[in-house]
Amino acid sequence: MHITAEKIKEAAEALECTELKSFMFQEPTAGPLTKPRRSSRSSRRSSRRSTRGTRRSSRGSRRSTRRSRRSTRRSHRSTRRSRRSTRRSRRSTRRSRRSTRRSRRSTRRSRRSTRRSRRSTRRSRRSTRRSRRSTRRSRRSTRRSRRSTRRSRRSTRRSRRSTRRS
């Protein structure tokens, strides 16, 4: 079906008394020239219900966002605490390692010192033994020399006596 200009004119004349004319000739920023019809009670109720529903949904969404924020804060706090605890445990392990190293070093040093002291005592004992041996030898030698001198003296005395007799 072909729409002609005459048909458009007829339709416009028929719609002159309706809202279309006011809508066509009104300024774009101005409101509607004709007053809107009053809405019925049922439509008012439905609009109230819809506004209540939107309010409730907005409240619910706000609550959920608050809860999510709280949970994220709590999780951040817990992660911070766990990080702190891990740092503390690492520090304590480092300290314990250091203390064990120090104790090992001290035990090594004490062992070395004990070894040295033992060596020194052994050496001193050896030296005392040697000195005792030397003193014994010297005593023996002195005894021998004394004996020999005594013998020689005796022999000289005897020889003198024998010469005197003869």
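Predicted model: local features only at pLDDT ≥ 70, side-chain atom pairs only at ≥ 80, totals over all residues.
Accessible areas come from the Shrake-Rupley method with a 1.4 Å probe, and for residues only the protein chains shown count as cover.

Figure 1. Residues are numbered from 1 along each chain as its sequence is written, and side-chain values use heavy atoms, with hydrogens and water left out. The protein chain has 3 helices and 0 strands, where helices (H or I, at least four residues) and strands (E, at least two) are DSSP runs numbered from the N terminus. Starting at the N terminus, the order of elements is α-α-α.

**Figure 2. The surface of the chain.** The accessible surface of the protein chain is about 17500 Å². Carbon and sulfur atoms hold 44% of that surface. How many of the 166 residues count as buried? The share is 1%; buried means under 20% relative accessible area, exposed over 50%, and partly exposed in between (1.4 Å probe, protein chains only).

**Figure 3. Confidence along the chain.** The predictor's confidence in each residue is given by pLDDT, from 0 to 100. Its mean over the protein chain is 81, and 73% of the residues reach 70 or more. Where is confidence lowest, and where is it highest? Helix 2 (residues 19-25) has the lowest mean, 59, and helix 3 the highest, 86.

**Figure 4. Close-up of Ser71.** Look for Ser71 in helix 3, which covers residues 41-165. A polar atom of the Ser71 side chain lies 2.6 Å from the backbone oxygen of Ser68. For a polar contact, a pair of N or O atoms must be within 3.5 Å; within protein, one must be able to donate a hydrogen and the other to accept it, and residues adjacent in sequence count only if both atoms are side-chain atoms. Ser71 is partly exposed because its relative accessible area is 39%.

Figure 5. From Ser120, the side chain reaches the backbone oxygen of Ser117 at 2.6 Å. From Ser134, the side chain reaches the backbone oxygen of Ser131 at 2.6 Å. With a relative accessible area of 38%, Ser120 is partly exposed; Ser134, at 37%, is partly exposed as well.
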